[in-house]
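Reader: I would like to learn how to read helix packing and strand pairing in a model. Could you take me through an example?

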Amino acid sequence: MLKKFLKRWAALLLCVIAVVSFSACSSKRVDQAEENSTSGGSGQGGRTEESNTGSTDQTARTEEGKLKISVTFNAMKEFVEAVGKDKVEITTIIPDGTEPHDFEPKAQDLVGLSTANVFVYSGLGIEAWVEEAVKAADNANLITVEASKGANAIVNTDAEEIEKQVQYNPHIWLSLKGAEIEVKNIKDALVQADPSNQDYYEENYNNFNSQLENLYNEYKEKFQSVEKKSFVTGHAAFGYLCRDFGLEQNSVEDTFAEGEPSAQQLAVLVNYCKENNVTTIFAEEMVSPDVSQTLANEVGAKVETIYTIESGEDNKTYLERVTDNLSKIYDSLK
Ligand SMILES: [Zn+2]
C-alpha cells in the first residue's frame with residue numbers, strides 16, 4: 001500500500017520536475033560539436049584539461065548564469081551541491097520516494113537532459129537506462145559523468161543478481177571512500193564545464209573531502225575498538241561501507257530491493273542473528289520494514305532506521321545521514 005502511495009506521489013513530482021526543467025531552459029545554443037571527443041579512452045568522467053577554449057556555451061546556463069546539472073538520484077544531488085553550491089541548479093531525475101533500482105524513465109523525465117550542461121550518474125548498473133537517455137537527449141554540449149568511475153567495484157556474488165546482468169554492487173556512495181571518488185569525478189566535471197570558477201569548485205571540494213576524511217578517521221578508530229563486526233540490514237546496500245571498516249553485513253533482502261526472503265532464508269537469518277548476538281536489525285524506509293520487524297521479533301532485537309541515500313530522507317544532508325548510519329552501526333556493535 002505504501003508503495004502504491006509512493007508511486008502516485010512520485011508521478012506527481014515528475015510532472016513538477018518536467019515543468020521546472022522546461023521553464024529553466026534559456027535561449028538557443030551555439031554549436032560546439034568538439035566537446036565529447038577530447039578525452040582519451042572510454043570517454044565519460046575523463047578529464048579534458050585542455051578544453052579551456054569554451055567547453056560550455058554560456059547561453060545554455062540558467063538566467064542567473066548557473067550551470068544546469070541533471071543528476072540521477074539523491075546522493076548525486078548531494079555531491080553536486082557540496083561542490084557546486086550556488087553556482088549550480090540541480091534537477092534530480094529519479095524523484096524522492098522512488099527506488100532507483102526499480103526506476104525506468106519516461107520521456108518527460110529526461111527533457112532536462114537536452115538542455116543540461118552536466119549529467120551525473122553513479123554507475124555500476126544502478127541506472128541501467130543512462131546510455132540510452134544520453135543518446136536520446138542529443139545534446140552535443142552535455143558533459144556526462146559516471147561518478148563511480150575509477151573505483152574498485154565489489155563484484156556481485158549473488159546468482160540472481162548476476163542473472164539480472166548486474167555485475168557489481170552499485171552502492172558505492174554509502175561508503176566514505178566511495179564518496180571521495182564520486183565527489184572528485186564530479187568536481188572535475190564542474191571544472192571542465194565552467195573553468196572560470198575552478199578555484200571555487202576546488203575549494204568546496206577540498207572542504208567536503210576533508211569532512212569525509214575526518215569522519216572516516218573517526219570511525220576507523222571506533223570500529224577497530226569493537227570486537228563484534230557484523231550487522232543485519234534490510235537490503236545489502238552497505239558492502240562498500242563494510243569494506244571501509246572491516247565490517248560484515250547480512251541482509252534481509254537481496255541487494256536488489258526486490259522480493260521478500262523465503263521462509264528458509266528467514267530461518268538462516270534468524271540463526272545468524274542468534275549465533276552472532278545481533279541486537280539491532282536495520283531497516284530502510286523504502287524496503288519492506290515489516291520483514292525486518294519480523295526478524296527482530298524472532299530474535300528479540302530492536303529495529304533501527306538506516307539511510308540508503310537513494311532518495312531524500314528526513315530532510316538531512318549526505319553527511320548527516322552517513323554520520324547517523326555510522327553511529328547507529330557502531331552503537332549496535334558495542
Ligand atoms: Zn539500493
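**Reading helix packing and a sheet**

Author: In this predicted model, helix α2 (residues 74-84) packs with helix α5 (residues 176-193) at an angle of about 55°, and their axes lie 9 Å apart.

Reader: Which residues in α2 and α5 meet?

Author: From α2 come Phe-79, Val-80, Ala-82, Val-83 and Gly-84, and from α5 come Glu-182, Val-183, Ile-186, Lys-187 and Leu-190. By class, this contact of α2 with α5 holds seven nonpolar, one polar and two charged residues.

Reader: How do strands pair in a sheet, and in what order do the four strands stand here?

Author: Strands of a sheet pair through backbone hydrogen bonds, either parallel or antiparallel. In this case four strands form an open sheet in the order β2-β1-β3-β4, with parallel pairing, and the edge strands, each pairing on one side only, are β2 (88-92) and β4 (143-146). Strand β1 (residues 67-71) pairs with β2 over five bridges, and Leu-67 has Val-88 in β2 as its bridge partner.

Reader: Which strands does α2 touch, and which does α5 touch?

Author: Helix α2 packs on the sheet against β1, β2 and β3 (118-121), its direction making about 180° with that of β2. Helix α5 also packs on the sheet, touching β1, β3 and β4, and its direction makes about 170° with that of β4.

How values were computed
Residues are numbered from 1 along each chain as its sequence is written. This is a predicted model: local features need pLDDT of at least 70, side-chain atom pairs count only at pLDDT 80 or more; totals for chains, interfaces and linings use all residues. Axes are lines fitted to C-alpha atoms, for helices over the stretch in contact, and angles run from 0 to 180 degrees between N-to-C directions. Helices (H or I, at least four residues) and strands (E, at least two) are DSSP runs, numbered from the N terminus. Two residues are in contact if their C-beta atoms, placed from the backbone, lie within 7 Å. Ala, Val, Leu, Ile, Met, Phe, Trp, Tyr, Cys and Pro count as nonpolar, Asp, Glu, Lys and Arg as charged, and the others, Gly among them, as polar. Two strands pair if DSSP finds at least two bridges between them.
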